Every structure is written in structure tokens, then in C-alpha cells.
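Welcome, and please open your viewer. We will go from one selection to the next, looking at what is there at each stop.

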Amino acid sequence: MCFRPVPRSVRSEGQEFRGRGECAALSSLEVKCSLCVVGIQALAEMDRWREVLSWVLRHYEVPEKLPPKVLELCILLYSKMQEPGTMLDVVSAWLTDPDNQGLPEYRALADLHLQRVLLPLGRLSEAEELVMGSVAFGEEQRLDALQAIHTARQQQAHELPGSEEAPKPNQADSFSQKFLSLLMLLRRLWDSSVSHVFSMPFKKSLLAALILCLLVVRFDPASPPSLPFIHKLAQIFHRIREAVYPSLYRLPVHD
């Protein structure tokens, strides 16, 4: 069986048709990307920026298929709102896809992922893996990136001990203030009790001391073994009152 060659005019028409189809598909993707950019800006202006990533993924289904422009805008948005962790897995998946590594925007997005996502999150090991294992970084860019990672690691080492030790002086100061306030309160109560006891007549103060001993020491004041203790307590009260109020017990002087 022999096949007749396809005329040149038919081949040219087929190639032209395929070219038109590719151009139509390309223009459709560009229109879709532009509409997504407008949608992202609209959600951000309505303060619904948290819905941006889920909304974009509904249209592109997987992170690897996101257009570079859309991905860049999402990184900048979540970085500005101080939630770069939202984009961590998405950008990592996009960068590891072989189809994306040949795109001209790949180098800029890898550097943006490093500066806006990995370093702010403190993912320094992942940042080193990206810099050393990616073809997106040239020799000069790789040195600059490694220097930035080294600086971030030094800052992290200085901040961690400070964050652990910072609350300790505050806790110590708070405990000292509470303890000092407690001591001052006890001193006021003691002064008030002492002044109240010594302002009472001697018999009443002695009776108060006996009641206190009855409650604390739990001895029986009517028992014979308690009489020497009561006598000793009375002598102590006399000496204390003479020491505190010596003018009341000063003997009169006769010529």
C-alpha cells in the first residue's frame, strides 16, 4: 500500500491552524492571569486578603501551575501582612517543579522566596538548601545569599538567650515587690497589734496574752504546772511595758 504525499498547501494550513490554536491558548492563559491579578487586588482592598491563596488555587488547582506573576503577588501580599508562612509550602512546590525551573522568572522568585519567606520565618537550613542546590543563583548571588543567612543566624543566636532571660528580671522584680508589700503589711499589723495591746490596762493585756497562749500553745491556765509560766509571763509584760513606756513607770523624786 502506498500513501500519496500531503500537498504543501495542506501542510501549511495545518501548521497555521496549530499556530493559531497555540496563540489562542496562550492569550487565554494571559487573560486568566490578568483577571487573577485584578481579583487579588480587589480582595486585598476589601480586607479579604486571607482568602487570596485559596481563591487562586481554586482556579489553578495545584501550586505548580500558578503563573509567576500571580505567585509573586501572593508572596508580596502575605509578606506585607506578616504571614509569610502561608506561602511556604506553595512556593516550595512551585520551585521544585521541573517545568518551572526553565522559566525566566524562576531566579527572581527563588530570591523572593528566600528574602520574604524563609529568612523571616527563621528557616535557615531550608534557605541554605535552596541557595546551594538551586541553579537560579549565580556565584555572586549565592555569596550574597549565604551572607544574609549567616547574618540572620547570628541575630537568631543573640535573640534567643535574651528572650529566655528577659522575663526573669521582671518575675524577680514582681516577686520582690510582692514580698516587700507583704512585709510592710505585716509590720503595720504588728505595730497596730502592739500599740493596741499596750494601750490596754495591764490586766486586760495579760488576759489577752493568756488567751493567745491558750489558743496557740494549748495549755490549761487552771492547772498547777501552768502557774510558774503565768508568773513568768507577767514579769515579761512588766519589763516590756517599762522598756516601751519608761515615763509611765518613772518613780517620783522627793526632796
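Which residues in helix 3 meet which residues in helix 5? Select P68, L71, E72, I75, L76 and S79 in helix 3, and you will find them meeting L109, L112, R116 and V117 in helix 5; contact here means heavy atoms within 4.5 Å. By class, this contact has seven nonpolar, one polar and two charged residues. Ala, Val, Leu, Ile, Met, Phe, Trp, Tyr, Cys and Pro count as nonpolar, Asp, Glu, Lys and Arg as charged, and the others, Gly among them, as polar.

A word on what you are viewing: this is a predicted model, in which local features need pLDDT of at least 70 and side-chain atom pairs count only at pLDDT 80 or more, while totals for chains, interfaces and linings use all residues. Residues are numbered from 1 along each chain as its sequence is written, and side-chain values use heavy atoms, with hydrogens and water left out.

**Helix 3 and helix 5**

Now show helix 5 (residues 106-121) whole: its axis and that of helix 3 come within 10 Å and cross at roughly 10°. Helices are DSSP runs (H or I, at least four residues), numbered from the N terminus. Axes are lines fitted to C-alpha atoms over the stretch in contact, with angles from 0 to 180 degrees between N-to-C directions. The two helices are therefore roughly parallel (under 35 degrees; over 145 is roughly antiparallel).

**Helix 3 and helix 4**

Next, select helix 3 (residues 68-80) with helix 4 (residues 88-96), whose axes come within 11 Å and cross at roughly 150°. Helix 3 and helix 4 are therefore roughly antiparallel. Look for P68, L71 and I75 in helix 3, which meet V90, V91 and W94 in helix 4. The residues of this contact divide into six nonpolar, no polar and no charged.

**Helix 2 and helix 3**

Move on to helix 2 (residues 52-60), which packs against helix 3 at an angle of about 165°, with axes 11 Å apart. This pair is therefore roughly antiparallel too. Here V52, L53 and V56 in helix 2 meet V70, C74, L77 and Y78 in helix 3. This contact divides into seven nonpolar, no polar and no charged residues.

**A pocket to finish**

Finally, select L29, K65, L66, P67 and P68, which lie nearest the centre of the second largest pocket among its 13 lining residues. The lining divides into seven nonpolar, one polar and five charged residues.

Terms used
On a 1 Å grid over the protein atoms alone, a cavity is a set of points where a 1.4 Å probe fits but cannot get out, and a pocket is an open set with protein on both sides within 12 Å along at least five of seven lines; lining residues have an atom within 4 Å of a point. Angles under 35 degrees count as roughly parallel, over 145 as roughly antiparallel, 65 to 115 as roughly perpendicular and the rest as oblique.
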